[in-house]
Each structure stands twice: as C-alpha cells, then as structure tokens.
Amino acid sequence: MITVNTLRKMKTEHQKIATLTCYEASFAALMDNAGVEVLLVGDSLGMVVQGHQSTLPVSLKDMCYHTAAVARGSRNAMIAADLPFGAYQQSKEQAFAAAAELMSAGAHIVKLEGGVWMAETTHFLQQRGIPVWAHIGLTPQSVNAFGGFRVQGRGDTAAQLTLADAKAHEEAGAAMLLLEGIPASLGKRITESVSCPTIGIGAGADCDGQVLVMHDMLGIFPGKAAKFVKNFMDGQTGIQAAVAAYVEAVKNGSFPGAEHIYAD
C-alpha cells in the first residue's frame, strides 16, 4: 500500500512518482495494476466527465461519489481527492468537515488549492489527522481571478511569491505539493527547497513526480491540448499499454520532454 511515507522515501531515493487522475473503479484497477502510485480523484471531472467549462460547478457530493468508486477499484495506490470549490475556503472548520467526508468515502489524502493564505488550513487539517496535498501555481479554481489558464510564477517577484507559497505549506505540514503551470526552473527550485514530494503538471521534469488528467493522457478530451500534455495512446495497442507507457516515461525521466515545459 502506497502511503505518504512511501512517497517521501521515493523522493529521498530519487525515484519518480507516477500519478494520474481517476474517476471510477475500472480505471482505478487498471492504473493500480500498471504501477501508478497516486490516483487523484480530481475536480477536473467537472470538465472531462460532466462537460463543464471549468472545475467550479463540481460539488462535494460529486467528489465523494467518485472517490468511493475509485476506492472500490484500487488495492495499492494512494487515493487523493480534491476539495471542490466553495467547500473549504470559508473557514478551517468548513474545510475539516468536507475533508472528513472525502476521507470517509475512501481518500487517503485531500488536495486543496491556494498559497500562503491556505497554509493555516493545511496546518489545521494535518493536526487533525488529515494529510494535505497543497496545490500552488496555476490553481484552476481561481481561473476567473487569473483571467484564464495562464502560466504563473514568471519573473523574479512572481517566482518568489510562489516559492513562499511552497514553503508556507511545507512548514504547515503538507504531505505533498502539486506544482501546476509554472516555469521548469521554478519547479526545480521548489523541489530542491522542500522536503515533501512535489508532483508537477506543466512544472518541468525536475519535480519528484508527474500527473496528467487521464483523458488528456489517452488523447480523448476534445479541443486543443495544453503544452504539457502528451497522448500516450499513440503507438499503443490499448489503454493498459498506454498507462504502462506513461508510468515508464515518468520513471525514466523522458516525460515531460523539452516540448512540454514552460520557460521563464
């Protein structure tokens, strides 16, 4: 069984961590068998499953439903679940209540979005036995505040602020960090600056692991793919082989390649 201690040891031993989003039992079993260490029940389901234009309409009820389904399919992977928009920003107590529901549904760790201002919530949850995966950089729940899906952390001032976000969550006890949509050099700097594992998505090859949305990795989400996406179905005979190819590419460091990263 993969735990937060397993992932910390992998960071120490420079073993890359393979993560994919997952929303149901059959794919959970398939990914588990392929060696994916972390299954993220992401609020990305709002876009790839429900057909919304953003993650914002996803409810806590939705997240609990899909988390329970993934938990029934997985035997070895660590299951992470997103705290959805509006379910945790109001207060630490609100965050705990929502996180407790996700843990009861089968999550082993919860993910929340936000920088320094959310570190107190990370500390509050961690003290009460709920491991936290802090998501910084491009945080999709803040897409309207950002004015769209834009790379974050470019320039010295923005980079320093993002690094401060990472350090604040580490000091608050975060078990993991998710770095999204930042320059590769900043992803490397943060990874080397914190003791907890970093998982990147559009954050360069030097993160301790990588994550992709399952539908992007399989090339089945309509529309233009983000720069950091690679279709692992290309040249494969089936989904199991595609997932195995993804795991291998993360492990050997060939993904992400130069074409998938953001410059300063």
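Helices (H or I, at least four residues) and strands (E, at least two) are DSSP runs, numbered from the N terminus. I start my notebook with that, and with a reminder that this is a predicted model, where local features need pLDDT of at least 70, side-chain atom pairs count only at pLDDT 80 or more, and totals for chains, interfaces and linings use all residues. Residues are numbered from 1 along each chain as its sequence is written, and side-chain values use heavy atoms, with hydrogens and water left out.

**Entry 1**

His 14 is not a glycine, yet its phi is positive, about 60°. I also noted a cis peptide bond joining Phe 255 and Pro 256, with omega about 5°. Pro 256 sits in the segment after H11. My reason for writing these down: most residues other than glycine have a negative phi, and most peptide bonds are trans.

**Entry 2: H2 with H11**

Two packed helices are described by the angle between their axes and the distance between the axes. Axes here are lines fitted to C-alpha atoms, for helices over the stretch in contact, and angles run from 0 to 180 degrees between N-to-C directions. I looked up helix H2 (residues 25-34) and helix H11 (residues 239-252): their axes come within 9 Å and cross at roughly 45°. H2 and H11 are therefore oblique to each other (angles under 35 degrees count as roughly parallel, over 145 as roughly antiparallel, 65 to 115 as roughly perpendicular and the rest as oblique).

Which residues in H2 meet H11? I listed Phe 27, Leu 30, Met 31, Asn 33 and Ala 34 in H2, which meet Ile 239, Gln 240, Val 243, Ala 244 and Val 247 in H11 (contact means heavy atoms within 4.5 Å). The residues of this contact divide into eight nonpolar, two polar and no charged. For the classes, Ala, Val, Leu, Ile, Met, Phe, Trp, Tyr, Cys and Pro count as nonpolar, Asp, Glu, Lys and Arg as charged, and the others, Gly among them, as polar.

**Entry 3: H4 with H5**

Helix H4 (residues 60-73) packs with helix H5 (residues 92-105) at an angle of about 25°, their axes 8 Å apart. That makes H4 roughly parallel to H5. I noted a right-handed crossing for H4 and H5. From H4, Leu 60, Met 63, Cys 64, Thr 67, Ala 68 and Ala 71 meet Ala 98, Glu 101, Leu 102 and Ala 105 in H5. I read the contact of H4 with H5 as eight nonpolar, one polar and one charged.

**Entry 4: H8 with H9**

The axes of helix H8 (residues 156-172) and helix H9 (residues 184-193) come within 10 Å and cross at roughly 30°. That makes H8 roughly parallel to H9. The crossing of H8 and H9 is right-handed. Among the H8 residues that meet H9 I picked out Lys 167 and Glu 170, and the H9 side includes Arg 189. How many residues of the contact of H8 with H9 are charged? I found three charged, beside five nonpolar and three polar.

How values were computed. Left-handed = near helix turned anticlockwise from the far one by under 90°.
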